[in-house]
Amino acid sequence: MKTRKYDTRWMVGVAMFVALQLVLQITGIGLIPLPFIKATTLHIPVIIGAVVLGPLAGGLLGGVFGLCSMWTNTVASSALSFAFSPVLAAENSGASGALKAVWIAFGCRVLIGVVSGWLWIGLKKLKVNDFVALPVVGVAGAMTNTVLVMGSIYFLLRPEYAALKNVAMEAVLGLIMGVVGTSGVAEAIAAAVLVTAIGKALLHVPALRAKPQMG
């Protein structure tokens, strides 16, 4: 059975993507404040890292994304920050609210990298061309983020979201679907383009790819 050798090159590759995420975070273009949510570009390095370095790296990078999200929503809060900041959630709903925020901000983001990495592996085993596989993984990774986050808000924080938007509980699903169909689709299209362009180039950089070994 082939297993990936997590050598120095792999660790350097992960560190490079983490550094990119931190640049996006520090410059403010990783999480862009909108009236009721923060649009993100931090999922792009997660997806590309999962393609180039594998699902484990993708999961780690997703975790970094989650930590950045929790930090930003704590120190520069918006109307919906209680869903992403364990600190703010704990102030409103105690430990249960904090756990919900950790899942939404951190757990959902870890799964972006895991899903993207394993989907890439599956597509390559099927010998799907890179110019088809890369945008598919880009869209899947972006939609994993949007669907899991907004879906979790719906199932875990529906009363709070209804109060925030000043609507009846029955209207929340429509609002959630509206976010998925607008900003979610826009992020998916951007991910398809960027993951294809950047991923194709990085797949040809030997220094970023650990050689698989027999084990």
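The expected span of a helix is 1.5 Å times one less than its number of residues, and helix α3, which has 21 residues, reaches 30 Å from its first C-alpha to its last, close to the 30 Å expected at 1.5 Å a residue. This structure is a predicted model, in which local features need pLDDT of at least 70, side-chain atom pairs count only at pLDDT 80 or more, and totals for chains, interfaces and linings use all residues. Residues are numbered from 1 along each chain as its sequence is written, and side-chain values use heavy atoms, with hydrogens and water left out.

**Overall make-up**

- The secondary structure of the chain comes to six helices and four strands, where helices (H or I, at least four residues) and strands (E, at least two) are DSSP runs numbered from the N terminus.
- Read along the sequence, these elements follow the pattern β-α-β-β-α-α-α-α-α-β.
- The chain has 215 residues, of which 47% count as buried; buried means under 20% relative accessible area, exposed means over 50%, and partly exposed lies in between, with a 1.4 Å probe and protein chains only.

- Helix α2 is largely enclosed by the rest of the structure, because 11 of its 11 residues are buried; among them are His-43, Pro-45, Gly-49 and Leu-53.
- The residue that follows α2 is Gly-54, and its phi is positive, near 105 degrees.
- The largest nonpolar core has 29 residues, and those with the most contacts inside it are Ile-48, Leu-53 and Trp-120; a nonpolar core is a set of buried Ala, Val, Leu, Ile, Met, Phe, Trp, Tyr and Cys residues joined through side-chain atoms within 4.5 Å.
- Two or more residues of this core come from each of α1 (8-27), α2 (43-53), α3, α4, α5 and α6 (172-202), and α2 gives the most, with seven residues.
- In soluble globular proteins, nonpolar side chains tend to be buried together.
- Ile-48 lies in helix α2 and is buried, with a relative accessible area of 3%.
- The C-alpha atoms of Ile-48 and Ser-116 are separated by 8.4 Å, although these residues are 68 residues apart along the chain.

**Helix α3 against helix α4**

- The axes of helix α3 (residues 55-75) and helix α4 (residues 86-125) come within 7 Å and cross at roughly 150 degrees; axes are lines fitted to C-alpha atoms, for helices over the stretch in contact, and angles run from 0 to 180 degrees between N-to-C directions.
- Helices α3 and α4 are therefore roughly antiparallel to each other, given that angles under 35 degrees count as roughly parallel, over 145 as roughly antiparallel, 65 to 115 as roughly perpendicular and the rest as oblique.
- The crossing of α3 and α4 is right-handed; a crossing is left-handed if the near helix is turned anticlockwise from the far one by less than a right angle, and right-handed if clockwise.
- The contact of α3 with α4 is made up of 14 nonpolar, 10 polar and one charged residue, where Ala, Val, Leu, Ile, Met, Phe, Trp, Tyr, Cys and Pro count as nonpolar, Asp, Glu, Lys and Arg as charged, and the others, Gly among them, as polar.
- Helix α3 is mostly covered, with 15 of its 21 residues buried.

- Helix α4 passes α5 in a right-handed crossing, and their contact has 19 nonpolar, six polar and five charged residues.
- Helices α5 and α6 pack at an angle of about 155 degrees, with their axes 7 Å apart, and are therefore roughly antiparallel to each other.
- Helix α5 passes α6 in a right-handed crossing, and the contact of α5 with α6 has 21 nonpolar, six polar and five charged residues.

**Loop residues with positive phi**

- Lys-127, in the loop between α4 and α5, has a positive phi of about 60 degrees although it is not a glycine, and at 73% relative accessibility Lys-127 counts as exposed.
- Asn-166, in the loop between α5 and α6, has a positive phi of about 60 degrees although it is not a glycine, and Asn-166 is exposed, with a relative accessible area of 70%.
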